[in-house]
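Here is a friendly walk through the model shown below, one region at a time. Keep the 3D view open as you read.

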Amino acid sequence: MRKRHTTKDRLITVALHLALVAGLFFAAFPIYWMLTSSFKSNTEIFALPPTILPKAFTLEAYAAILGDPVKLRFFFNSYFVAFVVTVLTVLIALLAAYGFSRFNFRGKGSLNTLIISTQTIPPITLLIPFFGLVVSYRIFDTYIALILTYLVFTLPYAILLMTGYLNTLPRDLDEAVAVDGGTSWTALWRVIVPISLPGIVATSVYTFLLCWNEFLFALTLTKSTSMRTVPIGIQLLMGQHAFEWNQMMAMSVLGSLPLLLIYLIAQRFFLAGMTAGSVK
Amino acid sequence: MTRQKRSRHRLKRTVAPYLYLSPSLVIIGLLMLLPMVTVISYSFQNSAVLRRDPSFAGLKHYQAIFADPVFWASLWHTLYFTCMSVVFHMTIGMIFALMLNSDRINPTLRNILRVLYILPWLFTAVIIAVIWRLLLEPNGVVNSILMQLGLIGSKIEWFSSPETALHAVTFANIWAGYPLFMVSLLAGLQGIPKDFYEAADIDGAKAYQKLIFITIPQLMPIIISISLLDFIWTMQVFPLIWITTGGGPIYSTEVLSTYTYKLAFSSYNLSQASASAVVILLISLGLTLFYIRYQKAR
């Protein structure tokens, strides 16, 4: 083994730590700037030289956002749509994943390939036919339009994630139910679901995030201010008051809270979802 | 079990999986496969969506797109934006993963830094766009730091001058996307057996030799599959560009997605937009086929 604590070795350790600090600056400074700007007044944001900490700490931007029913409605819409889509997605994906994980059937391989490939379909390609459909079924500017379109993007990921999880569970458990004369349906609800909670949580988290972040469909398939979601709300805010940077930052902070909280509380589930699409 | 019972049981086992899959298949069929057929048919119609009885247009809309210099500019910008993003996502992700995996830093610091390095990933594209607009404002903090360091002489309008806009949006996207590589590579690094490195130590291998002959080859499957996915997803990026520059100034950041969106919802030329959407779909499908082949070969 190499000898430690030589001068060269110490230099490498110091250099590594300097690089880590540089990396930290690159990764975190933009977020730090968003956070502190949301507590500054608008004039202070562009002060020269820039103030690292807010000189006059103020919550006025937050008060402006939280006191405005129009903006609160954006948050309600985002939470509501994301919640409904998450419940539906997890239920439907659970059934499909159970089919994939516990049965052998004709066409299984090609269906699996189909689901993997639907992950990469460009949203912009589906946007135009969706727009046509939504207009002709008269559901333009409704929750239903958003829920149906989000469902189709969350489902493939959720199925892959849930199948991956169910594959890790031993088959003896549900076979025991079959020996007792129970059907696969009983096995699913009595045995599989109770022990799949970690998988269900990871899938829910990821589905929720996909919905929370969606922009293109919310932009195109809704129109009235009362139907807009948070990402569109931020864009609208930008168009209306191009100079209210502190409000835009406060709204961004509030719009990021669900993701940050989920990440801090359930890091494991979060990462499981985020890397699901890419790691087999 | 009697024979009758057993055959009924077998029938149930054959039908059951299709029943479990049916809700998913109905949704994917009706809301994904059918729309794909629809968009292809739109691209061959005149005034698709807008008229009830559109006439057949042949390849007219495809010809119109291929004759449009803005389309080719968008294709080029998409390619630049995507390639630069993937290369830098991979490089930065790799450097961060290697640094975090080093046994020279203490475990608590490692855990804290790991959480902080993932941060950019936790923000929605729209919010990332707004943050970078604030940072890169002509009077913003980036210009002010660069001027204080003497790196630039005057304020640069990063997003509103044609020379810098494409680089600026690419940079913002690089910042936003490296954590996927970092997290995946970090998991990959922890999966490389320790004896590989011990054996190399005995042979007197230098650090860079271990990197080139052990670490990188071991990580290759992850690098390739994440690069492919990242390429496909980055190619489709819309909100980041839409909010920072909207494709401008003078088309300098127009990419395929913003080009298609504008055709559809600013010019209401849904037929031509469909043709452009089909082109994007074909590029994505080609890459997806490649990705699936690779995954199966693994």
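## A buried asparagine in chain B

Asn143(B) sits in helix α6 of chain B, which covers residues 141–148. Helices here are DSSP runs of H or I with at least four residues, strands are runs of E with at least two, and both are numbered from the N terminus. Is Asn143(B) buried or exposed? Asn143(B) counts as buried, because 20 C-beta neighbours fall inside 10 Å. The cut-offs are these: buried means 20 or more other C-beta atoms within 10 Å of the residue's own, exposed means 12 or fewer, and partly exposed lies in between, with C-beta atoms placed from the backbone.

Setting aside neighbours within four places in sequence, Asn143(B) is in contact with Pro138(B), Lys155(B) and Ile156(B). A contact means that the C-beta atoms of two residues, placed from the backbone, lie within 7 Å. Asn143(B) and Glu157(B) are 14 residues apart in sequence, with 8.9 Å from C-alpha to C-alpha.

## How to read the model

This is a predicted model, in which local features need pLDDT of at least 70 and side-chain atom pairs count only at pLDDT 80 or more, while totals for chains, interfaces and linings use all residues. Residues are numbered from 1 along each chain as its sequence is written, and chains are lettered from A and ligands numbered from 1 in the order in which they are written.

## Where the chains meet

Between the two chains, 73 residues of chain A are in contact with 71 residues of chain B. Helix α1 of chain A (residues 7–37) supplies the largest share of the chain A side, 13 residues. By type, the chain A side has 52 nonpolar residues, 20 polar and one charged. In this scheme Ala, Val, Leu, Ile, Met, Phe, Trp, Tyr, Cys and Pro are nonpolar, Asp, Glu, Lys and Arg are charged, and the others, Gly among them, are polar.

One place to look is the packing of α1(A) on α5(B), where the axes are 10 Å apart at an angle of about 85°. That makes α1(A) roughly perpendicular to α5(B). Axes are lines fitted to C-alpha atoms, for helices over the stretch in contact, and angles run from 0 to 180 degrees between N-to-C directions. Angles under 35 degrees count as roughly parallel, over 145 as roughly antiparallel, 65 to 115 as roughly perpendicular and the rest as oblique. Pro30(A), Trp33(A), Met34(A) and Ser37(A) of α1(A) meet Ile131(B), Trp132(B), Leu134(B) and Leu135(B) of α5(B). The residues of this contact are seven nonpolar, one polar and no charged.

A crossing is left-handed if the near helix is turned anticlockwise from the far one by less than a right angle, and right-handed if clockwise. From α1(A) come Met34(A), Leu35(A) and Ser37(A), and from α13(A) come Trp245(A), Asn246(A), Met249(A), Ser252(A) and Val253(A).

In chain B, the axes of helix α3 (residues 69–101) and helix α7 (residues 165–190) come within 6 Å and cross at roughly 40°. That makes α3(B) oblique to α7(B), and the crossing is right-handed. Val70(B) belongs to helix α3 of chain B. With 14 C-beta neighbours inside 10 Å, Val70(B) counts as partly exposed. Not counting residues up to four places away in sequence, Val70(B) touches Tyr251(B), Glu254(B) and Tyr259(B).

## The nonpolar core

How many residues has the largest nonpolar core? The core has 155 residues, and Ala93(A) and Ile128(B) have the most contacts inside it. Such a core is a set of buried Ala, Val, Leu, Ile, Met, Phe, Trp, Tyr and Cys residues joined through C-beta atoms within 7 Å. Beyond its neighbours within four places in sequence, Ala93(A) is in contact with Leu155(A), Ala158(A), Ile159(A), Met162(A), Thr203(A) and Ser24(B).

## Two loop residues with positive phi

Arg138(A) is not a glycine, yet has a positive phi of about 55°. Arg138(A) lies in the loop between α6 (123–136) and α7 (143–167) of chain A, and is exposed, with 9 other C-beta atoms within 10 Å.

Ile250(B), also a residue other than glycine, has a positive phi near 45°. Its place is the loop between α10 (239–244) and α11 (256–265) of chain B. Ile250(B) is exposed, with 11 other C-beta atoms within 10 Å.
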